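Have the model open while you read.

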Amino acid sequence: MEANTRSTGRLPAAFLTPGSSSFMDFLSDQSPGMLPGNRSLPPLQGAIEAPHGTTIVAATFADGVVLAGDRRATMGNVIAQRDIEKVFPADEYSAVGIAGTAGLAVEMVKLFQLELEHFEKVEGAQLSLEGKANRLSTMIRSNLAMAMQGLAVVPLFAGFDVDREKGRIFSYDVTGGRSEEHGYAATGSGSVFARSSMKKLYHGDLTEQEALTLVVQALYDAADDDSATGGPDVARRIYPIVTVITDEGFRKLDEAESSEIARSVLERRLEQPDGPRAALL
């Protein structure tokens, strides 16, 4: 069989006729060592120093959902990277923002993208948004052994639900526990400050532009109080990654659009360093 495969250049039949619509299940059967959670680590000597992504925020608005992230990755008290990308499309109608161990998180996102693409090709239809959220939960759970050794991945998942015709947000814990968030959500080291910011500014009738401004304001507040979160860096032209998902699909704001929002927020902060004020009553 092996010799025949080499001579013909064809893949074995098992690769051409997978028995499951799940790419993870297929990979578990054919090459389990390629799954991040199945890799063995050497004995640990103290804490693991690896680049970590930090703050991700999301907010729903009338026509969909906005997902955004800052650009800083840290390694202990050191800035490991100033321009890391933490928000990625999962498919046409959903996206993932990553927080936690950067290398594992990016690998998990790529595997998740393959999982959704594999399902669509095998079944001839897309998973529901709820189904996508469940698949991501399973992937996070499979990484629990790594998480217990300090290599945790805690993403934020958002998308447009074509059945319910609205944007939805899902958050996770390191065990794969999934919660649907209503209105807004945040994860990562600066999430407490970002969530507090959105809590005072969010309302259910936001326009798309208002939602975009809201998430940038929240990231600014997170960077103001959390050293692991990076604010807009005008000198280096590094701005938050901001994405929008509506019934027209996923769209990432280009640098001109994201810089315009960031600069408008910065200009207002020169007058009000603590940001917009919410009414007392």
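**Cavities, a pocket and salt bridges**

The second largest cavity has a volume of about 40 Å³. Bear in mind that this is a predicted model, where local features need pLDDT of at least 70, side-chain atom pairs count only at pLDDT 80 or more, and totals for chains, interfaces and linings use all residues. Residues are numbered from 1 along each chain as its sequence is written, and side-chain values use heavy atoms, with hydrogens and water left out.

- Searching the whole structure turns up three cavities of 30 Å³ or more. On a 1 Å grid over the protein atoms alone, a cavity is a set of points where a 1.4 Å probe fits but cannot get out, while a pocket is an open set with protein on both sides within 12 Å along at least five of seven lines; lining residues have an atom within 4 Å of a point.
- Around the second largest cavity sit Asp91, Leu116, Phe119, Glu120, Gln126, Leu127 and Lys132.
- Helix H4 (residues 102-123) gives the most to that lining, with three residues.
- The largest pocket comes in at about 160 Å³, a volume being the space filled by probe spheres set on the points, which are joined across faces, edges and corners.
- Its lining has 14 residues, and Gly230, Gly231, Pro232, Asp233 and Ile238 lie nearest the centre.

**Salt bridges**

- The structure holds 14 salt bridges (a side-chain nitrogen of Lys or Arg within 4 Å of a carboxyl oxygen of Asp or Glu).
- Asp91 pairs with Lys132, with 2.7 Å between the closest N and O atoms. Asp91 lies in strand E6 (residues 87-91) and Lys132 in helix H5 (residues 129-142), so the pair ties together parts that are 41 residues apart in sequence. Helices (H or I, at least four residues) and strands (E, at least two) are DSSP runs, numbered from the N terminus.
- Asp91 is buried at 16% relative accessible area, and Lys132 is buried at 3%. Buried means under 20% relative accessible area, exposed over 50%, and partly exposed in between (1.4 Å probe, protein chains only).
- Lys121 and Glu117 also form a salt bridge, 3.1 Å from N to O. They are four residues apart in helix H4, about one helical turn. Lys121 is exposed at 64%, whereas Glu117 is partly exposed at 39%.
- A network of salt bridges links Glu130, Asp161, Arg168, Arg178 and Glu180.
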